[in-house]
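Reader: I have a protein model to read, and I want to know what its labels rest on. Can we go through them one by one?

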Amino acid sequence: MLVAVAVALVPLLLSQLAAAQPWQYCGSSATYSPNSSYQANLDAVSAALPRDASSSPALFATAARGAGPADRFFALTLCRGDEDAPACLDCVAGAFQYAGSSCPYDKEVAVLYDACFLYFSGQDFLNTTANVGQITLYNTQNVSGRDDPGSPGAAAFTRQVRALLNGTARWAAYRATSPRRFATARMYNGSVAAPVPTLYALAQCTPDLSGADCWGCLEDLIGKSPLSGRTVGARTSGVRCTYRYEDYAFYRGEPMLNMGTPPPFIPPTGDGRTGKKRKTQIVSIVVPLVAVFFCVLCFGWLRRLRKEKGNLQEQPMANFTRDDDVSMLWTTQDTDSEFKLFDFPRIVEATDNFSEQQKLGQGGFGSVYKGQLPNGLEIAVKRLASHSGQGFVEFKNEIHLIAKLQHTNLVRLLGCCVQGEEHILIYEYMQNKSLDFFIFDVTRARLLNWDKRLNIIEGIAQGLLYLHKLSRLRVVHRDLKASNILLDNDMNPKISDFGLAKIFSSNSIQGNTNRVVGTYGYMAPEYASEGVFSVKTDVFSFGVLLLEIITGKRNAGFHQQGVFFNLLGYAWKLWKEGRWYELVDESMEEHQHEALEVLKCINIALMCVQESAADRPTMSDVVAMLSIETMSSLPYPKQPAYFNLSTTDGELSTAPSSVNIVSISIAEGR
């Protein structure tokens with residue numbers, strides 16, 4: 001009995017110790033130098049943000065400093081909704097201090113205390129609702145009597161936990177009356193003899209989210225939580241939302257929501273002196289036992305933490321076939337991903353049973369449909385055709401890649417659905433479709449003045465820079481083109497279609513493939529002829545795309561004055577003759593006052609499409625050149641690739657390009 005009491009007390013001691021400890025995520029893919037501008041911005045924000053958060057009624061604050069790509073700094077902090085201002089101030093200040101010691105010189109850091117969450121990065125995550133920087137913790141103790149996760153009791157416990165978390169999340173999203181989107185709850189299971197008679201939960205979102213966005217964030221977080229049916233506590237905290245449940249009251253005050261029926265009150269037996277004597281005897285015997293168990297379990301616990309921290313490093317991508325259990329694959333993925341598995345009936349309902357009225361387009365892989373989830377979120381549903389074997393390879397590739405990437409200029413992959421022969425990708429929906437829908441249409445092109453086109457150019461450049469250098473994966477897209485640039489409601493660009501992308505290790509410079517895929521007209525010469533690809537492959541495609549945005553004309557099939565040219569050759573001819581202004585799209589009226597900006601972009605585009613990959617700039621160089629105000633420091637470009645080559649459809653045999661807004665396009669270069 002004494003051993004049982006000791007074992008029962010150890011989880012409580014461990015949980016209290018864990019609550020007092022900071023937990024961190026260090027994104028070591030991007031670092032800064034001591035005494036750099038980034039360091040100065042971090043120091044300034046770390047001095048101001050704790051005061052800003054503690055003085056806010058919502059105990060919430062954000063910050064953004066710096067202008068250049070190297071020194072930009074973005075931060076967000078949120079204190080728990082049941083904390084007070086002094087506790088919030090101390091917690092956020094301590095989180096900054098801990099970040100400096102545990103993740104020195106890392107640009108991306110998340111720190112979780114029991115009372116607050118802090119996240120900062122060199123990437124602008126504040127303009128998105130992406131729940132980045134997630135940290136997940138589990139109570140390592142199992143529910144008594146439920147060691148078998150497949151037992152009926154474990155299954156019932158899992159349902160109880162999910163019901164509790166969903167109820168708490170809905171209350172936080174739609175019922176919270178204070179400035180803090182915060183809710184607490186308690187659930188009785190109605191049985192005195194039950195091993196865990198009561199569960200407690202908490203849910204919270206940043207107050208700048210709408211109710212629907214808050215619910216969507218928490219729903220995703222809870223939905224992908226791998227509850228085992230026996231874990232007595234767990235929590236996941238991200239930059240936008242968090243949940244937690246335990247078998248003890250870990251928050252302050254009475255719960256906002258009560259669920260279930262309280263067990264009947266049973267009065268204590270015996271006189272008070274006997275009870276006190278018995279308690280004294282138990283404590284005198286149990287405390288040494290608890291200390292022994294505590295030391296043993298702490299040792300094992302610390303070993304497990306070190307192992308889990310090591311597991312935060314990138315693992316090789318798993319290979320799986322059509323018969324693999326994809327659900328199992330994604331329940332074991334890292335917690336930074338917002339990726340979610342959708343039930344097939346839910347997708348059927350969202351797309352009105354894949355009706356023709358909801359279809360957005362058709363491609364070689366299958367079809368794309370518009371859909372709407374029950375929470376009102378509009379989605380784009382890419383349904384893989386059952387006969388598309390190559391499409392399935394790209395389906396796997398896209399899941400592995402884009403689900404791990406978060407950037408305002410990358411399309412957001414919400415999740416996938418796998419059931420039998422059905423393989424479906426679910427994206428955020430883009431009302432303005434793709435870039436080619438505008439720039440290659442005489443009427444719609446007038447909606448894009450130079451300021452909007454420049455914003456699109458800069459956004460694409462930032463997205464590619466993230467893929468090549470700033471993300472935790474080093475990615476070459478290999479199919480950058482106008483139809484793969486989606487536009488949101490504000491005409492901000494988002495790079496899509498990662499089915500052909502490749503990952504590089506941190507020390508690799510280039511790769512080689514026997515299967516050249518992509519879209520002719522955008523492919524770099526070394527890739528089209530030899531299968532050699534690198535980040536400079538994407539730079540070449542960016543240069544072609546940049547010229548298309550400026551001119552409003554396609555590179556492939558370009559025709560001018562009765563002579564077939566590709567756009568690159570024509571642009572080079574006018575550049576050398578000083579007639580560059582003839583390249584500018586006629587639909588851009590009154591662009592003369594922006595002549596220097598246009599000229600600079602043409603210069604950059606021609607540098608990107610040079611024959612030799614070594615001569616082309618990196619995307620870091622491109623972003624820097626786009627930000628300068630003069631052209632005196634820009635190098636003069638060399639003759640572009642394909643200068644005398646026609647790129648009409650009659651010259652080369654290519655597979656049809658997709659017209660869908662979120663699709664995979666394949667063209668075999670020969």
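**Labels and the values behind them**

Author: The protein chain has 16 helices and 25 strands. Keep in mind that the model is predicted. Buried residues make up 54% of the 670 residues in the chain.

Reader: What makes Gln 39 count as buried?

Author: Its relative accessibility is 16%. Buried means under 20%. So Gln 39 counts as buried. Gln 39 sits in helix H2, residues 37–55. Beyond its neighbours within four places in sequence, Gln 39 is in contact with Tyr 32, Ser 33, Pro 34 and Tyr 105.

Reader: Why is Asp 352 called exposed?

Author: Exposed means over 50%. Asp 352 has 54% relative accessibility, so it counts as exposed. Asp 352 lies in the loop between helix H8 (344–350) and strand E13 (359–363). Its phi is near 55 degrees, a positive value in a residue other than glycine.

Reader: Why is Lys 433 called partly exposed?

Author: Its relative accessible area is 34%. Lys 433 belongs to the loop between strand E17 (422–428) and H10.

Reader: How do you know that H11 is mostly covered?

Author: Count its buried residues: 15 of its 21. H11 reaches 28 Å from its first C-alpha to its last, close to the 30 Å expected at 1.5 Å a residue. At its start, a side-chain oxygen of Asn 449 comes to within 3.2 Å of the backbone nitrogen of Asp 451.

Reader: Which residues have the most contacts inside the largest nonpolar core?

Author: They are Leu 435, Ile 460, Phe 542 and Val 622, in a core of 74 residues. Elements giving two or more residues to this core include helix H11 (450–470), helix H13 (535–551) and helix H16 (619–627). The largest share, 10 residues, comes from H11. Phe 542 is in contact with Ile 457, Ile 460, Ala 461, Leu 464, Leu 480, Cys 608, Met 619 and Val 622, leaving aside its neighbours within four places in sequence. Apart from this core lies another, of 28 residues, among them Val 161, Ala 172, Cys 217 and Met 259.

Reader: Why are strands E6 and E11 said to stand at the edges?

Author: First, the sheet. Six strands form an open sheet in the order E6-E9-E10-E8-E7-E11, with mixed pairing. Strand E6 (135–138) and strand E11 (257–259) each have a single partner strand, so one side of each is left without a neighbour in the sheet. The twist averages 15 degrees from one strand to the next.

Reader: How do you know that E7 and E11 pair?

Author: Pairing needs at least two bridges. Strand E7 (residues 181–188) and E11 have 3, in the parallel sense. So they pair. Ala 185 has Leu 257 in E11 as its bridge partner.

Reader: Which helix packs on the sheet?

Author: Helix H5, residues 211–223. H5 touches E7, strand E8 (198–205), strand E9 (234–237) and strand E10 (241–246). Its direction makes about 50 degrees with that of E10.

Notes:
Residues numbered from 1 in each chain as written. Predicted model: local features only at pLDDT ≥ 70, side-chain atom pairs only at ≥ 80, totals over all residues. Heavy atoms only, no water. Core = buried A, V, L, I, M, F, W, Y, C linked by side-chain atoms within 4.5 Å. Buried < 20%, exposed > 50% of the residue type's maximum accessible area, 1.4 Å probe, protein only. Helix = DSSP H or I, 4+ residues; strand = E, 2+ residues; numbered from the N terminus. Contact = heavy atoms within 4.5 Å. Axes fitted to C-alpha atoms, helices over the stretch in contact; angles between N-to-C directions. Expected span 1.5 Å × (residues − 1). Polar contact = N/O pair within 3.5 Å; in protein donor to acceptor, adjacent residues only side chain to side chain.
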